[in-house]
Amino acid sequence: MNKVAFYTLGCKVNQYETEAMIEAFENAGYEIVEYDGYSDIYIINTCTVTNMGDRKSRQIIRRALEYNPKAFIAVVGCYSQIAPDEILGIDGVRLVLGTNERSKIVQLVEDAQNVEDKISVVGDIMEIEEFEDMNIKHYKSRSRAFIKIQEGCEQYCTYCIIPYARGHIRSRKPDSIIEEVKILADSGYKEVVLTGIHVGSYGRDLGDIGLIDIIQMVHDVDGIERLRMSSVEPKTFDDDFLRRLPHLNKLCRHFHLSLQSGCDETLKRMNRKYTTQEYMEVVKKLRSIYPEVGITTDIIVGFPGETQEEFEKTVQFVKEVSFSSMHIFKFSPRKGTPAAKFKGQVSAQVKEERSKIIFNIAKENQMKFMNSFIGKSLNVLFEQKIDENSNYYEGLTDNYIRVMAETAYDIKGKIISTKIKGINKDMMLGILEKI
């Protein structure tokens with residue numbers, strides 16, 4: 001039996017696509033092994049969000065040859081789509097596949113093994129109009145299942161290469177989504193996360209359905225107890241969306257509401273399609289519907305042209321919103337994007353200083369949010385043991401607080417009411433109330 005190993009870089013969409021490829025190889029009779037050891041075939045699912053992502057991808061590709069110098073190496077994903085010739089030039093790479101036709105990965109690998117030449121299967125992604133189904137029936141070691149419902153992006157933020165790597169918006173057909181959700185529910189998954197490259201655009205190409213409609217359809221599947229969606233933007237929450245939210249009791253009280261900057265001038269240079277005022281209005285509406293909602297976000301510091309005054313606006317805005325958690329990124333020029341050529345590039349030292357300031361605010365707000373739940377009972381979906389030698393399990397509340405609790409029972413995959421007693425670093429300590 002041939003052995004195949006996978007390595008995934010980047011986002012939740014990439015993780016989903018790797019899971020689908022793993023399942024395809026398993027169904028074809030291959031043995032799936034860990035990446036850090038001998039394998040006959042290595043498949044690297046790449047990321048190209050930053051230049052660092054490209055560099056990391058190249059390192060991982062070369063590492064495969066250290067494990068097996070005669071291995072068959074296939075490279076797929078966003079970096080492959082953007083720079084196929086560059087990847088073909090790397091020693092050992094035999095097959096390059098972009099961000100389409102991954103559903104044919106097994107056949108493509110087997111065909112490529114029978115020829116001596118390197119093979120590139122990378123077409124013009126901008127010509128692809130149909131969503132590529134890559135169904136998954138079984139996830140590895142997870143209690144939450146990610147479901148890809150959408151592909152592509154047409155936002156064209158000035159710092160982002162992804163629209164050129166993923167192509168135009170393509171939405172997955174509702175019947176296909178619901179079929180996969182039902183299979184996952186029958187397999188015991190309690191929570192599903194709807195993900196995509198630009199989830200908020202779901203349905204625009206289908207004409208008669210939107211994101212809130214598919215949320216409703218997934219919500220109504222028996223067996224699913226929790227529903228979550230990945231990153232969305234303020235404009236997702238139109239009047240119809242907000243009107244229907246209170247009636248979706250399975251939808252988690254957590255929204256990753258993309259921000260990037262708390263300064264309108266910076267947002268305009270980023271080509272973001274909202275203002276800070278519009279953003280704050282959505283935050284207030286969500287908090288009026290869900291008083292204990294977790295609102296998380298991403299922030300980029302040091303974007304070209306970001307003056308000290310603009311940065312201070314971001315500081316004040318993130319303090320005012322008081323996010324439950326924030327991911328902070330120092331702007332990194334991505335070759336091929338407009339922002340890489342913008343004037344007013346910010347020095348590494350200033351970016352580092354600004355990153356630390358936002359990080360400290362983020363930490364303070366996170367602690368404030370977590371402290372507000374001490375003494376309360378929250379339902380926690382426990383995912384795994386903290387480590388094999390421990391009796392502590394960790395999991396997530398519906399509003400995205402990570403909780404640890406001690407028990408002698410196997411509670412993986414169970415949603416259990418847990419009394420919150422305190423904080424241990426980035427986790428809350430809880431006591432199980434009923435198993």
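How exposed is Glu-101, in terms of relative accessible area? Glu-101 is partly exposed, with a relative accessible area of 27%. Buried means under 20%, exposed over 50%, and partly exposed in between (1.4 Å probe, protein chains only).

## Basis of the model

This is a predicted model: local features need pLDDT of at least 70, side-chain atom pairs count only at pLDDT 80 or more, and totals for chains, interfaces and linings use all residues. Residues are numbered from 1 along each chain as its sequence is written, and side-chain values use heavy atoms, with hydrogens and water left out.

Helices (H or I, at least four residues) and strands (E, at least two) are DSSP runs, numbered from the N terminus.

## Positive phi in two loops

Glu-101 sits in the loop between strand 5 (93–97) and helix 5. Its phi is near 70 degrees, a positive value in a residue other than glycine.

Tyr-156 also has a positive phi, about 55 degrees, although it is not a glycine. Tyr-156 is placed in the loop between strand 7 and helix 6. At 29% relative accessibility, Tyr-156 counts as partly exposed.

## Helix 11

Helix 11 covers residues 276–289. Its 14 residues, at 1.5 Å a residue, should span 20 Å, and the end C-alpha atoms are 20 Å apart, which agrees. The expected span is 1.5 Å times one less than the number of residues.

Thr-276, Tyr-279, Met-280, Val-282, Val-283 and Leu-286 are buried in helix 11. Seen down the axis, the buried residues fall within an arc of 160 degrees, so they line one face of the helix. The arc is taken from the directions between the helix axis and the C-beta atoms. Gln-277, Lys-284 and Ser-288 are exposed on the other side. The cover over the buried residues includes helix 9 (239–244), strand 11 (254–256), helix 10 (264–270), strand 12 (294–301) and helix 12 (308–321). Contact means heavy atoms within 4.5 Å.

## Salt bridges

The structure holds 32 salt bridges. Each is a side-chain nitrogen of Lys or Arg within 4 Å of a carboxyl oxygen of Asp or Glu. Arg-166 pairs with Glu-151, the closest N and O atoms being 3.0 Å apart. Arg-166 lies in helix 6 (residues 162–166) and Glu-151 in strand 7 (residues 144–151), so the pair ties together parts 15 residues apart in sequence. Both Arg-166 and Glu-151 are buried.

Arg-272 and Glu-233 meet at 3.2 Å, N to O. Arg-272 is in the loop between helix 10 and helix 11, Glu-233 in the loop between strand 10 (226–229) and helix 9, 39 residues apart. Arg-272 and Glu-233 are both buried. Glu-278 and Lys-235 form a salt bridge at 3.7 Å, N to O. Glu-278 belongs to helix 11 and Lys-235 to the loop between strand 10 and helix 9, 43 residues apart. Glu-278 is partly exposed at 33% relative accessibility, while Lys-235 is exposed at 51%.

## Helix 1 against helix 5

The axes of helix 1 (residues 12–27) and helix 5 (residues 105–112) come within 9 Å and cross at roughly 65 degrees. Axes are lines fitted to C-alpha atoms, for helices over the stretch in contact, and angles run from 0 to 180 degrees between N-to-C directions. Met-21, Ala-24 and Phe-25 in helix 1 meet Ile-105, Val-106 and Val-109 in helix 5.
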